[in-house]
Amino acid sequence: MSTAIEREQGSHTAFANFIGRTLALCYGGVSYLIFLGTFLYAIGFVSGLIVPKTIDTGAKTSALTAVCINLALLTLFAVQHSGMARQGFKRLFARFASPAIERSTYVLLASLALALLFWQWRPIPAIVWDIETSLLANLAIGGMGLGWLIVLYSSFLISHFELFGLTQVVGHFAGRVVAPMKFKTPGLYRLIRHPIYLGFIIAFWSTPTMTAGHLLFAAVTTAYIFVGIYLEERDLVALFGDEYRRYRARVAMLIPGIR
Ligand SMILES: C[S@@+](CC[C@H](N)C(=O)[O-])C[C@H]1O[C@@H](n2cnc3c(N)ncnc32)[C@H](O)[C@@H]1O
């Protein structure tokens with residue numbers, strides 16, 4: 001039979017647990033909103049529309065200084081984004097904090113690294129191409145919009161709210177154990193293995209006016225996507241074994257029909 005002291009300790013523990021789960025929920029919610037703001041800003045930053053600071057505006061420096069600063073910003077993002085996505089990091093994280101907030105922390109830090117990039121990015125205004133034919137220019141703008149739509153649509157195909165950490169904190173709040181992400185191949189994932197990355201590549205390259213700064217951004221992020229695919233697929237093979245190997249043998253990486 002429990003004593004009054006034990007019952008009081010029990011209710012304190014339950015209360016502390018509730019506060020912890022509520023804080024995790026708020027943290028996940030705020031991280032998601034920061035991600036959403038950063039994602040919407042990214043569309044404006046790359047397309048040069050609406051937002052105050054774009055890929056072609058900012059403090060003027062020599063081209064060499066701009067290249068060095070921009071490469072440092074891209075490297076910081078790549079190291080954070082790839083490093084924290086690895087299984088080893090996730091295991092380390094679980095030793096210090098609840099796995100329920102691991103994805104939200106990843107999303108929050110990736111968003112902050114991107115926000116820093118948008119803020120500090122230096123323009124390199126030399127024109128690489130400038131499409132004058134209005135039909136072609138509109139096609140390029142349409143391609144850019146299509147790229148961003150593919151990114152968003154594909155994230156919903158494999159579970160948008162889980163990718164960005166909300167499912168985990170809501171489940172944790174409701175007292176459920178955080179389940180690992182399931183392997184899925186709906187819709188576009190039957191045609192190619194990486195529709196989100198393809199969407200980014202289309203959005204970054206499809207522009208009526210390509211400056212040297214924009215070209216640097218598109219080239220480095222595209223190269224990074226290929227490194228990201230290599231690392232991500234290594235993890236997916238480790239997690240899902242033959243199921244992922246068979247999928248990789250059957251389905252193209254980025255362009256349907258080209259493996
Ligand atoms: C930013 S998403 C990119 C997904 C995919 N590479 C793409 O381009 O559409 C990265 C996360 O998606 C997960 N992922 C990749 N392919 C998946 C699939 N077919 N089903 C479920 N999760 C997947 C990875 O494990 C990783 O956590």
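A residue is near a molecule if one of its heavy atoms lies within 4 Å of it. The model discussed here is predicted.

Q: Which residues around the ligand come nearest to it?
A: The shell around the ligand holds 14 residues. Those that come nearest are Lys184, Tyr189, His194, Ile196 and Glu232.

Q: How do the residues of the shell around the ligand divide into nonpolar, polar and charged?
A: Charged residues account for four of the shell, and one residue is polar. The remaining class is the nonpolar one, and its number is nine.

Q: At what distance from an oxygen atom of the ligand is a polar backbone atom of tyrosine 197?
A: Proline 195 places a backbone N or O atom 3.4 Å from a ligand oxygen. For isoleucine 196, the distance from a polar backbone atom to an oxygen atom of the ligand is 3.0 Å. For tyrosine 197, the corresponding distance is 3.0 Å.

Q: What percentage of the accessible area of the ligand does the protein cover?
A: On its own, the ligand has 570 Å² of accessible area.

Q: Which helix gives the most residues to the shell around the ligand?
A: Two elements give two or more residues to this shell, namely helix H8 (195-205) and helix H9 (212-240). The most, three residues, come from H8.

Q: What is the handedness of the crossing in which H1 passes H4?
A: Helix H1 (residues 4-47) packs against helix H4 (residues 102-120) with the axes 9 Å apart. The angle between them is about 35 degrees. The crossing of H1 past H4 is left-handed.

Q: How many residues of the contact of H1 with H4 are charged?
A: H1 contributes residues including Tyr27, Phe35 and Phe45, while those of H4 include Ser104, Leu114 and Phe118. The residues of this contact comprise twelve nonpolar and six polar. The number of charged residues is none.

Q: What pattern does the protein follow along the sequence?
A: The secondary structure comes to ten helices and two strands. Read along the sequence, these elements give α-α-α-α-β-α-α-α-α-β-α-α.

How values were computed: Residues are numbered from 1 along each chain as its sequence is written. This is a predicted model: local features need pLDDT of at least 70, side-chain atom pairs count only at pLDDT 80 or more; totals for chains, interfaces and linings use all residues. Side-chain values use heavy atoms; hydrogens and water are left out. A polar contact is a pair of N or O atoms within 3.5 Å; within protein, one must be able to donate a hydrogen and the other to accept it, and residues adjacent in sequence count only if both atoms are side-chain atoms. Accessible areas come from the Shrake-Rupley method with a 1.4 Å probe; for residues, only the protein chains shown count as cover. Helices (H or I, at least four residues) and strands (E, at least two) are DSSP runs, numbered from the N terminus. Ala, Val, Leu, Ile, Met, Phe, Trp, Tyr, Cys and Pro count as nonpolar, Asp, Glu, Lys and Arg as charged, and the others, Gly among them, as polar. Axes are lines fitted to C-alpha atoms, for helices over the stretch in contact, and angles run from 0 to 180 degrees between N-to-C directions. A crossing is left-handed if the near helix is turned anticlockwise from the far one by less than a right angle, and right-handed if clockwise. Contact means heavy atoms within 4.5 Å.
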